[in-house]
Amino acid sequence: MSGRDPLCSPRRFGRGAALTLVFASVLVAGAATGSLPDDEAKTASGAARATERTTSPEAVTRAAEEAMADGKSPLEAAERAVSRSGDRWAAVYSEDEYEEFAESLDGQYTGVGLEARRERDGRIEVTKVQAGSPAAAAGIRAGDRLRAVDGRAVDGRPVTDVVSLLRGDATDAPAGTTVRLGLERGTRAWTQTLRRARLSTDSVTVRTLAEGVTVIRITAFTKGVGTAVRTAVGTAPAGAGIVLDLRGNSGGLVTEAVSTASAFLDGGLVATYDVDGEQHALHADSGGDTTRPLVALVDGGTMSAAELLTGALRDRGRAVVVGSRTFGKGSVQMPSRLPDGSVAELTVGHYRTPSGRTVDGTGVTPDLEADDGALERSEAVLSGLGDAS
């Protein structure tokens, strides 16, 4: 199990899997904007299976208004109404949670720039230090052991709890606040005080393998991902293939998924979706690289917007899909403001790939099944596809 400080918060876990996954993987379609005009690119989110809306936004709002009039919590009343709806992936956010959620989609977070995992013996090990972060400036390195945060021992704790302490979730700690870390490296043990900062997420990483293959890994579709992918494609070695690694990609802004598709397509359909029965379409921009060999690498953690992208590239004959069946998260949800500023999201429709396939509840089945050694299998597929010359 591993985690980093940008996107995880145990406050969300208390509301069940729906809230956790919606925070982690939001399918956003700008054309579906309705209730939150100022959040034009943050209006719909993916869900894990086909669900029909049995509770309307008006009913949830009415429940919140009645609770407020009675001096009770509007947010709790909305949560009860949503829980009765049968909509598995509906969720209610407090105003602060929704603001934090919106910031995460913008690729921003408050933290110290550490990624960590819990070892089998319960120890918390630093797995990555973000360049330019407070942790990097303090000389913390991957492999260091994190023993304590603000005097609290972290051995044996879930990584999500450790991430929460690093971020200061309990007090909504802003940038500039301090956090004291107990660290260990070999026989050396020391305490380091860091100041939290506003940082950008590393949603896209690019590396070139010895054979010239470029691996573009996307962990989430935050703001700017499409541009980063197009840049990576444009600077990849001439004629070499590309592996688009979407394993563990929890989704994100659909506008960025469409922008990413535009790096490999010359216009045309990416997906269709319906909102309360009204049909909409998403199209790629023209001018993408349509000749370079391409593999989309996926697994069971590939969700929502990442599934939309995978389905588009496969249906359009642009990529060979390698890995294991994706998660199956393809319904659309619409947010609406409640009287106390909190936000409720309810399912309003579903999206389909260009050939009309739904991924909701079924996922995307790869062309070539691979688990262990999936990247090596992807390289083999690329060699069989030949070069782009």
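How are α9 and α10 oriented to each other? I looked this up before anything else. The axes of α9 and helix α10 (residues 305-315) come within 9 Å and cross at roughly 25°, so α9 and α10 are roughly parallel to each other.

**Entry 1: ground rules.** I am working with a predicted model, in which local features need pLDDT of at least 70 and side-chain atom pairs count only at pLDDT 80 or more, while totals for chains, interfaces and linings use all residues. I number residues from 1 along each chain as its sequence is written, and side-chain values use heavy atoms, with hydrogens and water left out.

I take helices (H or I, at least four residues) and strands (E, at least two) as DSSP runs, numbered from the N terminus. Axes are lines fitted to C-alpha atoms, for helices over the stretch in contact, and angles run from 0 to 180 degrees between N-to-C directions. Angles under 35 degrees count as roughly parallel, over 145 as roughly antiparallel, 65 to 115 as roughly perpendicular and the rest as oblique.

**Entry 2: the whole chain.** I find eleven helices and 22 strands in the protein chain. Of its 389 residues, 53% count as buried (buried is under 20% relative accessible area, exposed over 50%, partly exposed in between, with a 1.4 Å probe and protein chains only). Among contacts between residues at least 6 apart in sequence, 70% join residues at least 24 apart; contact means heavy atoms within 4.5 Å.

**Entry 3: α9 and its neighbours.** Going back to the opening pair, I see that α9 passes α10 in a right-handed crossing (right-handed if the near helix is turned clockwise from the far one by less than a right angle, left-handed if anticlockwise). Val 254, Ala 257, Thr 260 and Ala 261 in α9 meet Ala 305, Leu 308 and Leu 309 in α10. By class, this contact of α9 with α10 has six nonpolar, one polar and no charged residues. Here Ala, Val, Leu, Ile, Met, Phe, Trp, Tyr, Cys and Pro count as nonpolar, Asp, Glu, Lys and Arg as charged, and the others, Gly among them, as polar.

I then looked at the contact of α9 with α8. The axes of helix α8 (residues 225-235) and helix α9 (residues 254-262) come within 7 Å and cross at roughly 15°, which makes α8 roughly parallel to α9. The crossing of α8 with α9 is right-handed. From α8, Val 225, Gly 226, Thr 227, Val 229 and Arg 230 meet Glu 256, Ser 259 and Thr 260 of α9. The residues of this contact divide into two nonpolar, four polar and two charged.

How many of the nine residues of α9 are buried? Eight are, and α9 is mostly covered. The buried ones include Glu 256, Thr 260 and Ala 261.

**Entry 4: the six-stranded sheet.** I traced an open sheet in the order β12-β13-β14-β18-β19-β22, with mixed pairing. Its edge strands are β12 (204-208) and β22 (368-369), each pairing on one side only. Two strands pair if DSSP finds at least two bridges between them. Inside this sheet, β14 (residues 242-245) and β18 (residues 294-298) pair in the parallel sense over four bridges, and Leu 244 stands opposite Ala 296 in β18. Helix α11 (residues 374-385) packs on the sheet, and its direction makes about 160° with that of β18.

**Entry 5: a hairpin.** I followed β5 (residues 114-118) into β6 (residues 124-129); the two pair in the antiparallel sense over five bridges. Ala 116 has Val 126 of β6 as its bridge partner. The strands form a hairpin with five residues between them, and Gly 122 in the turn has a positive phi of about 95°. On to the next strand: two bridges join β6 to β7 (residues 145-149), which run antiparallel.

Entry 6: Most residues other than glycine have a negative phi. I noted Ser 304, with a positive phi of about 40°, in the loop between β18 and α10. Is Ser 304 buried or exposed? At 0% relative accessibility, Ser 304 counts as buried. Asp 172 also has a positive phi, near 50°, and is found in the loop between α7 (159-167) and β9 (178-185). At 44% relative accessibility, Asp 172 counts as partly exposed.
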